Amino acid sequence: MNVLDIRGLTKKFGDFVAVDNISLKVREGEIFGFLGANGAGKSTTINMICTLLQPSGGEIRILDRDIKAQPRFAKQSLGIVPQDLAIYEDLTAYENVSFFAGLYGLRGGRLKERSEEALAFVGLADKAKSYPKNFSGGMKRRLNIACAIAHKPKLIIMDEPTVGIDPQSRNYILASVRKLNESGCTIIYTSHYMEEVEEICSRIAIVDHGKIIAEGTKEQLTATITDTKDIVIELKSAAGGEGETLAGLPGVRKVSQEENVIRVHSDASVDNLNRILKRLMDGESEIRTVEEREPNLETVFLTLTGRNLRD
């Protein structure tokens, strides 16, 4: 059964086509990764699924019901974990969850039970009477999730749920995503952390310039990339800009640098490692480690879109 079925979805803002005739299906029980760099059309698509934007064309069906014809059913079937925190700092954790659950029609003892269950699920039962203005970033993210799941939706959209938090909180949230999925929830998951998507998603779609340009399992997507390689070089120290000196070398397609780590995206058929290292050493860079990596999901994304996910 398809929990979400999108057919020919289009969204125009004047002459600009933000979403261009996309179609996709999300099956029951999946954690479906939806990837796109900023401006690719990902957020616009999500906003249309959530009924926050009206499509210019096409159809969206949730649990085989057209959301345009039955928006109330669509909203009750959805749980939304937005990238920007949707919590009230001056309400207690319990009051936040209770408020949002109440918007879905929960009342009385059922509302109380579901709110307490949601807080316990995200590990905040002992903070029910505390105010989120005093919470850490990770705790606020967990409360954000509790607010989205108390009404037990069939489909949960998680838009960057781990942005800006510490590794421990990130691991807790990823474990919570798996538990939600195991309990029967279907999840659409977006992230700028490719390793998260690789770790938890059963299928993935990549959107760029308003179109879906690839879709499949991680293994299916990486199998399409056979002509590229990634060379990852760690420097002992970096002043910044060392990677820029590698642009233009034979086979080099793209170079990115984060602090003292340089990643070179290159043609697999060109043996250019020695030239790359020599160029760095000529610039007096001290090299700590060098690794040639097999294609992964990030390689697929970079190859297909020509840009990093965080661009």
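Tutor: Four strands make up an open sheet in the order 2-1-4-5, and the pairing is antiparallel. Strand 2 and strand 5 (65-66) are the edge strands, each pairing on one side only. Strands here are DSSP runs of E, at least two residues long, and helices are runs of H or I of at least four residues, both numbered from the N terminus. Two strands count as paired if DSSP finds at least two bridges between them. Strands of a sheet pair through backbone hydrogen bonds, either parallel or antiparallel.

The model is predicted: local features need pLDDT of at least 70, side-chain atom pairs count only at pLDDT 80 or more, and totals for chains, interfaces and linings use all residues. Residues are numbered from 1 along each chain as its sequence is written, and side-chain values use heavy atoms, leaving out hydrogens and water.

Start with strand 1 (residues 2-13) and strand 2 (residues 16-27). They run antiparallel, joined by eight bridges. Within this pair, K11 stands opposite V19 of strand 2. The two strands form a hairpin, with two residues between them. G14 sits in that turn and has a positive phi of about 65°.

Now turn to the partner of strand 1 in strand 4 (residues 57-62). Five bridges join these two strands, again antiparallel. T10 has G57 as its bridge partner in strand 4.

Next, the setting. The UniProt record, an unreviewed entry, places "domain: ABC transporter" at residues 4-234. Such positions follow the numbering used here, feature names are shortened, and annotations may be inferred rather than shown by experiment. That span is 35% helix and 29% strand, and its end C-alpha atoms lie 43 Å apart. The protein as a whole has 10 helices and 14 strands. Its C-alpha atoms fill a box of roughly 70 × 45 × 35 Å, taken along the principal axes.

Of the 311 residues, 49% are buried. Buried means under 20% relative accessible area, exposed over 50%, and partly exposed in between, using a 1.4 Å probe and protein chains only. Beyond its neighbours within four places in sequence, N96 is in contact with I87, Y88, L91, P132, L143 and C147. Contact means heavy atoms within 4.5 Å.
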